[in-house]
Amino acid sequence: MSCVVIYCRSGFESDAAAEITFHAAEQGFAGYVKAKPNTGYVVYECFEAHHSDEIIKKVDFKNMVFARQWFAGKLVENMPVEDRVSAVVDAAKEFTLCSELRVETPDTNEGKELLTFCKKISTPLKKALEKKNIVLREPKVNRPVMHTLFLTNNTAYVGYSYSFNNSAYFMGILRLRMPSDGPSRSTLKLDEAFNVFIPEQQRETRAAPGMRGVDLGACPGGWTYQLVRRGMFVSAIDNGPMNDDLMETGQVKHFRADGFKYRPEKRNIDWLVCDMVEKPTKVTNLMIDWAVNAYAKEFIFNLKLPMKKRFDSVYECLTMIKEQLAKYGVSYELQAKHLYHDREEITVHLNVTKVPQNLYS
Ligand SMILES: C[S@@+](CC[C@H](N)C(=O)[O-])C[C@H]1O[C@@H](n2cnc3c(N)ncnc32)[C@H](O)[C@@H]1O
């Protein structure tokens, strides 16, 4: 395995490239990136072949903002069209036993055209891999996942990822259905964020009925809808109009106020969510203020990306949060992701686990 293959949203290849270079270097690995605009993936070529396996173990996938998925792999070119199965099996013969096979493509228009073929080849390929003891018949947790990323009908990257450090989803994409009564499409962003950032077994207790939420920049109410759906009581802050059906639930209070000035009367907010379109550093400073003053426990917010240097902008904001919270002795968990439903923005989750009381009392 000589490279790490990374899936990203089409158009964000340079950000994904900068990110893997940064994290690989931080762990002491060297290599170079091959990336073409609008292809939906980048390839990090390691100077030493075995480093690709170490990178996908040692770099925490949760710290990769622009990567939807990754795997350690190699390129298989010029597969004979009459027998692509054997070419892939041959490339995978040294893999440790995998529990699952995902035959994927980059998330681009060209990639979508290959998906029918990917579905078609999946069954014969899986059978052939089972026969050679490369993939298990029944999926098992904690075993590696085998990936075959078809770029054309006879070229693919073939490799594996570790289930403890990858995306659980096919092509790294969580597809969600738009609720028929959802006030705006951006409701899917918050739904995806809850699914991606909160482990399944904790979702019902961490986002639970009766909790209190604040939604900054709430109108028309797509994000508020997700909090209401989970049984929360929400203060929706925005000068615009809120969706009538949401207001009729009795779970929402609408405040026509400036989201940068609004603060709750009590420090008892379970969830602060924020989708205001503003400079990322300005939103970041607001979130830091809410965190160090213990106004809210958990946060999900969007950072709108600039046209250029998106990677730099994201890492600047994440560093600001880390430095400020460390300075004030706040304990927290932080994760950020360019979600499938995000476009020119990323979504950040901050879970404040402890704030020294002297900071705010
Ligand atoms: C992208 S929209 C939010 C969409 C919403 N999350 C949804 O799902 O329906 C951004 C909203 O932020 C509001 N906004 C922008 N600046 C604001 C501010 N300083 N205070 C309050 N709201 C603000 C805008 O009025 C707008 O409704």
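Predicted model: local features only at pLDDT ≥ 70, side-chain atom pairs only at ≥ 80, totals over all residues.
Q: Why is Val196 called partly exposed?
A: The relative accessible area of Val196 is 28%. Buried requires under 20%, and exposed requires over 50%. Val196 lies in between, so the label is partly exposed.

Q: Which residues does Val196 touch, leaving aside those up to four places away in sequence?
A: Val196 touches Tyr169 and Leu339. Contact here means heavy atoms within 4.5 Å. A further spacing concerns Leu174: 22 residues separate Val196 and Leu174 in sequence, and their C-alpha atoms are 8.3 Å apart.

Q: What makes Ser167 count as buried?
A: Ser167 has a relative accessible area of 7%. The cut-off for buried is under 20%.

Q: How do you know that the side chain of Ser167 makes a polar contact with the backbone nitrogen of Tyr169?
A: The side chain of Ser167 reaches that nitrogen at 3.1 Å. A polar contact needs N or O atoms within 3.5 Å. The distance passes, so the pair qualifies. Ser167 also touches Phe61, Arg68, Gln69, Arg102 and Gly172, with residues up to four places away in sequence not counted.

Q: What is the strand order of the open sheet that contains E1?
A: Seven strands line up as E2-E3-E1-E4-E7-E6-E5, with mixed pairing. Strand E2 (31-35) and strand E5 (100-104) are the edge strands, each pairing on one side only. Neighbouring strands are turned by 30° against each other on average, direction ignored.

Q: How do you know that strands E6 and E7 pair?
A: Pairing asks for at least two bridges. Strand E6 (residues 145-152) and strand E7 (residues 155-161) share seven bridges, in the antiparallel sense. One of the bridges links His147 to Gly159 in E7.

Q: Which helices pack on this sheet?
A: Helix H1 (residues 13-26) packs on it and touches strand E1 (3-7), E2, strand E3 (41-46) and strand E4 (69-76). The direction of H1 makes about 30° with that of E3. Helix H4 (residues 109-131) also packs on the sheet, touching E5 and E6. The direction of H4 makes about 155° with that of E5.

Q: Why are E10 and E13 said to stand at the edges?
A: The order of this open sheet of seven strands is E10-E9-E8-E11-E12-E14-E13, with mixed pairing. Strand E10 (252-255) and strand E13 (331-337) each have a single partner strand, so one side of each has no neighbour in the sheet. The twist averages 15° from one strand to the next.

Q: What makes E13 and E14 a pair?
A: Seven bridges join E13 to strand E14 (residues 345-354), and the two run antiparallel. At least two bridges are needed, so E13 and E14 pair. Ala336 has Val348 as its bridge partner in E14.

Q: Why does Arg230 count as buried?
A: Arg230 shows 15% relative accessibility. Buried means under 20%, so Arg230 falls in that class. Arg230 lies in the loop between H7 and E9. The side chains of Arg230 and Asp191 are joined by a polar contact of 2.9 Å.

Q: What makes Asn78 exposed?
A: Asn78 has 65% relative accessibility. Exposed means over 50%, so Asn78 qualifies. Its phi is positive, about 50°, although Asn78 is not a glycine.

Q: Which residues are closest to the ligand?
A: Among the 17 residues surrounding the ligand, the closest are Ser186, Gly222, Asp238, Gly259 and Asp275.

Conventions: Residues numbered from 1 in each chain as written. Heavy atoms only, no water. Helix = DSSP H or I, 4+ residues; strand = E, 2+ residues; numbered from the N terminus. Axes fitted to C-alpha atoms, helices over the stretch in contact; angles between N-to-C directions. Buried < 20%, exposed > 50% of the residue type's maximum accessible area, 1.4 Å probe, protein only. Near = heavy atom within 4 Å. Polar contact = N/O pair within 3.5 Å; in protein donor to acceptor, adjacent residues only side chain to side chain.
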